[in-house]
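Here is a short report for a reader meeting this structure for the first time. Please keep the sequence and the model in view while reading.

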Amino acid sequence: MSAKSLNVNEKEIEKFEKIASQWWDLSGDFKPLHQINPLRVQFICQHIAQQDIDTHSNNGVFDKQVIDVGCGGGILSESLAKLGAEVTGIDMGTEPLNVAKLHALETGLAINYQKITAEEKALESTGHFDVVTCMEMLEHVPDPESVIQACAALVKSGGLVFFSTLNKNIKSYLLAIVAAEKIFKLVPDGTHDHDKFIRPSQLIGWAESHELKCIDASGIHFNPLTENHKLIDSLDVNYILCCRKL
């Protein structure tokens, strides 16, 4: 097996293994993911709806083949499955996947969860998916461009790929690490490494080098006092991209 197919940071995997039992605790360590999930789903559905208009279709997410790369405990995977998508969720964390499988069973959702890297999955399912999502995962792997390349390989020609991550600047350090981890304790201390954050220009450059054209970008703004989230134009901290496979 090539080194590229093992694009995994064992310390990151271990970190999420330890808190896997909290994935579906709405007031636990993953509360911020639950809070921003509706915005992600909104952003994804808007772009699928626009693509339907462009291609004279009207199915939306329903019946689309979707793969959620770095699915964790399945928060986004379940939301898309509830809308009728045929969802595959992949991750390299055993415990998060066990939690995801159990929760899907409890909610009666048929989601295909697999322990496999994006690179390995791309080799066996090239061009298979209508939609690829990769949320808050790129900043947790040694080689984010390799994951982007794999996502580009997984999606069909004309299909959509969605990435979300954190910008790399002073503001993101102050808000995502100092404020979110140290002051407000929104996420566990040590969740993020600022050195792993990715500037939008860098992410878009990687995407375009692998035949993914960025067609939209939005920032995700969080107000810690009201706990409200909204999509904004500024990509200063958290941001989400929509790319189309050429």
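Which residues have the most contacts inside the largest nonpolar core? They are W23, I44, L80, V87, I111, Y113 and F162, in a core of 34 residues. The model is predicted.

## The cores

α2 (31–54), α3 (75–82), α4 (94–107), β4 (129–135), β5 (155–166) and β8 (238–245) each supply at least two of its residues. The largest share comes from α2, with seven residues.

Leaving aside neighbours within four places in sequence, I111 is in contact with S77, E78, A81, V87, G89 and A104. A second core is separate and has 31 residues. Among them are I90, A150, V155 and I198.

## Aromatic rings

How many aromatic pairs does the structure hold? There are three. One of them joins W23 and F30. Their ring centres are 3.8 Å apart, and their planes meet at 10 degrees. Planes under 30 degrees apart count as stacked, so this pair is stacked. Both W23 and F30 are buried. With F16, these two residues form one aromatic cluster. W23 is also among the residues with the most contacts in the largest core.

## The sheet

What is the order of the strands in the open sheet? The order is β3-β2-β1-β4-β5-β8-β6-β7, eight strands with mixed pairing. At the edges stand β3 (112–115) and β7 (228–232). Each has a single partner strand, so one side of each is left without a neighbour in the sheet. From one strand to the next, the twist averages 20 degrees.

β3 pairs with β2 (residues 86–91) in the parallel sense, over four bridges. Here D91 stands opposite K115 of β3. β2 also pairs with β1, again in the parallel sense, over five bridges. The bridge partner of D68 is G89 in β2. G89 is one of the contacts of I111 as well. β1 is mostly covered, with four of its five residues buried.

Strands of a sheet pair through backbone hydrogen bonds, either parallel or antiparallel.

α6 lies across β1 (65–69), β4, β5, β6 and β8. α6 runs at about 150 degrees to β5.

## Salt bridges

Side chains of opposite charge can pair when their charged atoms come close. The structure holds six salt bridges.

| Pair | N to O distance |
|---|---|
| K18 and E14 | 3.6 Å |
| R40 and E136 | 3.6 Å |
| D130 and K156 | 3.0 Å |

Start with K18 and E14. Both lie in helix α1 (residues 10–18), four residues apart, which is about one turn of the helix. Is K18 buried or exposed? K18 is exposed, with a relative accessible area of 64%. E14 is partly exposed at 44%.

R40 and E136 form another salt bridge. R40 lies in helix α2, and E136 lies in the loop between β4 and α6 (144–154). The two parts are 96 residues apart in sequence, so the pair ties them together. R40 has a relative accessible area of 5% and is buried. E136 is buried too, with a relative accessible area of 14%.

The side chains of D130 and K156 also meet in a salt bridge. Where do they sit? D130 is in strand β4 and K156 is in strand β5. This pair links distant parts of the chain, 26 residues apart. D130 counts as buried, at 18% relative accessibility. K156 counts as partly exposed, at 32%.

## Bringing it together

Key
Residues are numbered from 1 along each chain as its sequence is written. This is a predicted model: local features need pLDDT of at least 70, side-chain atom pairs count only at pLDDT 80 or more; totals for chains, interfaces and linings use all residues. Side-chain values use heavy atoms; hydrogens and water are left out. A nonpolar core is a set of buried Ala, Val, Leu, Ile, Met, Phe, Trp, Tyr and Cys residues joined through side-chain atoms within 4.5 Å. Buried means under 20% relative accessible area, exposed over 50%, partly exposed in between (1.4 Å probe, protein chains only). Contact means heavy atoms within 4.5 Å. Rings of Phe, Tyr and Trp (its six-membered ring) pair if their centres lie within 6.5 Å; planes under 30 degrees apart count as stacked, over 60 as edge-to-face and the rest as tilted. A salt bridge is a side-chain nitrogen of Lys or Arg within 4 Å of a carboxyl oxygen of Asp or Glu. Two strands pair if DSSP finds at least two bridges between them. Axes are lines fitted to C-alpha atoms, for helices over the stretch in contact, and angles run from 0 to 180 degrees between N-to-C directions.
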